[in-house]
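Let's take a walk through this model together, going from helix packing to strand pairing. Keep the structure open beside you as you read.

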Amino acid sequence: MMQTGTVVLLCIICAVVAGGGFGAAAFYLGMNYRKKVAEAEVGSAEEQAKKIINDAYKTAEAKKKEIIVEAREEIQRLRTDADRDIKERRSEVSRQERRMQQKEESLDRKLESAEKKEEAIQEKYRLAEEQLAEAEVIKRSQIEQLERISGLTASQAKEQLLESLEGELAHEKALRISTYEQQLRDEAEDKARNILSLAISRCAADHVSEATVSVVTLPNDEMKGRIIGREGRNIRALENLTGVDLIIDDTPEAITLSSFDPVRREVARLSLEKLITDGRIHPARIEETVEKARREVEAKIKAEGERAMMETNVHGLHHELVKLLGRLHYRTSYGQNVLAHSIEVAQLAGIMAAELGVDVTMAKRAGLLHDIGKALNHEIEGSHVQIGVDICRKYKENPQILHAIEAHHGDVETKTVIAALVQAADAVSAARPGARRENVENYIKRLEKLEAIASSFNGVEKCYAIQAGREIRIIVKPEIIRDDDMVLIARQMAERIENELEYPGQIKIHLLRESRAIDYAK
């Protein structure tokens with residue numbers, strides 16, 4: 001068995017060795033075959049590459065020749081174009097040279113003509129100077145002859161002539177002034193009368209008279225003691241918190257509140273009424289009630305400002321301006337409520353603006369804000385006009401509104417139609433019957449000042465203020481003042497009254513001159 005296995009193993013080994021030899025021979029033969037195939041392919045590729053290179057050389061040579069031909073053609077074309085342009089430019093230069101030469105010749109001719117004209121002018125000027133000198137000599141001789149004939153020198157004759165013309169010129173000036181004023185008055189009065197009458201008829205505002213004191217009614221006189229409090233502590237607390245003087249006198253069942261500021265007075269009045277109704281009166285309760293009343297008054301101020309905006313249809317005001325408008329509800333001017341006056345001025349200005357074709361919204365806005373400075377004139381120095389302008393400028397109002405506020409009392413000259421309308425509406429609202437009132441002392445002083453201004457003019461014999469100071473009647477001396485002088489004197493009086501006197505509306509100046517001749521038949 002062992003021998004048999006050995007034989008098999010030997011056979012296997014032989015088979016393996018034989019297979020390996022066969023494989024090596026096959027590998028060698030394959031490699032030789034592949035080498036021959038590769039060499040054949042390389043040779044074929046080299047021949048193809050040489051063929052391609054030869055073809056590329058041939059194509060490049062042909063392309064090169066073609067490009068050279070095209071370049072030569074292009075060079076020839078460019079050379080032809082350049083020659084043509086050169087010829088055209090040379091011809092254009094020649095034309096320009098000819099034109100320049102013609103212009104030079106023309107300028108030479110004009111210069112020659114101008115020189116001839118200048119020589120002629122100089123000759124005329126020389127002749128004129130000679131004639132002027134001759135005229136001066138003739139004039140001097142004539143003046144000397146006139147002086148010998150008249151017996152007066154030239155200066156004396158000039159003075160005499162001016163004196164003789166002075167009366168004629170004064171008469172002519174008075175006649176012209178009278179004629180122009182009458183013409184303007186006739187034209188303006190008709191138009192103004194129609195517009196103002198229409199505006200007044202369409203606007204009727206209520207006027208409330210207010211004073212510097214308020215009266216609070218008490219249920220009984222015992223309440224006075226409770227308001228005063230122990231050692232006066234209640235009344236002191238109320239006066240300190242409100243800034244109002246409480247006047248408790250013998251008037252039955254009434255207490256008087258006195259203050260120049262109507263807002264403070266209103267706060268004190270509401271506080272006192274609430275305390276009387278509540279019955280609990282002590283410093284802590286007073287402080288609480290005053291604070292509540294102050295909030296109510298502030299709310300009322302805001303509501304009044306918004307009401308004014310709604311009535312006049314003016315919108316877009318700054319909220320601070322709305323509050324200031326509301327404060328005008330507690331301000332008065334000669335007894336006229338300033339807020340009611342402002343609303344009326346806005347409505348009047350709007351109506352007149354509509355008639356004239358002007359911006360109605362702008363006119364109403366200017367009329368509503370024209371007295372806004374009166375809401376603060378007790379707190380800030382300056383006139384209510386300047387305060388109003390500063391306030392509206394602060395809150396970015398239109399320059400036309402600022403000018404209307406500044407000009408509504410004539411502090412500056414009116415430059416816009418809106419300013420003129422506000423000025424007219426303010427005068428109408430203030431001057432209408434029953435709108436304003438003033439105390440007797442100021443009224444008498446104004447009339448006395450009016451008569452004093454009229455009496456200060458030379459030639460005035462008597463003067464009387466009538467129609468509640470809306471007209472002054474002046475009697476002049478006929479031997480001093482002539483008819484021609486009356487127009488000038490009336491104008492001068494009007495200017496002085498406008499500059500020196502404050503008055504509502506307008507004042508009519510009526511001059512009277514009467515000449516009487518008396519004789520007796522015997």
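**Helices and strands, step by step**

Start with H6 and H7, whose axes come within 7 Å and cross at roughly 100 degrees. Axes here are lines fitted to C-alpha atoms, for helices over the stretch in contact, and angles run from 0 to 180 degrees between N-to-C directions. Helices (H or I, at least four residues) and strands (E, at least two) are DSSP runs, numbered from the N terminus. H6 and H7 are therefore roughly perpendicular to each other, a label for angles of 65 to 115 degrees, while under 35 counts as roughly parallel, over 145 as roughly antiparallel and the rest as oblique.

Before going further, please note that this is a predicted model, in which local features need pLDDT of at least 70 and side-chain atom pairs count only at pLDDT 80 or more, while totals for chains, interfaces and linings use all residues. Residues are numbered from 1 along each chain as its sequence is written, and side-chain values use heavy atoms, with hydrogens and water left out.

Back at the crossing, H6 brings Ile301, Lys302, Glu304, Gly305, Glu306 and Met309 to meet Val322, Lys323, Leu325, Gly326 and Arg327 of H7; contact means heavy atoms within 4.5 Å. These residues divide into four nonpolar, two polar and five charged. In this scheme Ala, Val, Leu, Ile, Met, Phe, Trp, Tyr, Cys and Pro count as nonpolar, Asp, Glu, Lys and Arg as charged, and the others, Gly among them, as polar.

Within H7 (residues 319-327), Leu321, Val322, Leu324, Leu325, Gly326 and Arg327 are buried, that is, under 20% relative accessible area, with exposed over 50% and partly exposed in between (1.4 Å probe, protein chains only). What covers them includes H5, H6, H8, H9 and H10.

One of those covering helices, H9, also packs with H11 (residues 399-407), at an angle of about 45 degrees and with axes 9 Å apart. That angle makes H9 oblique to H11. From H9, Met362, Arg365, Ala366 and Leu369 make the contact, and from H11, Gln400, Ile401, Ala404 and Ile405. Here the division is six nonpolar, one polar and one charged.

H10 (residues 384-394) holds Gln386, which counts as partly exposed because its relative accessibility is 38%.

Finally, turn to the strands. E6 (residues 460-466) and E7 (residues 471-476) run antiparallel, joined by six bridges; two strands pair if DSSP finds at least two bridges between them. Ile466 has Glu471 of E7 as its bridge partner. E7 also pairs with E8 (residues 508-513), in the parallel sense over six bridges, and there Glu471 is partnered by Lys508 of E8.
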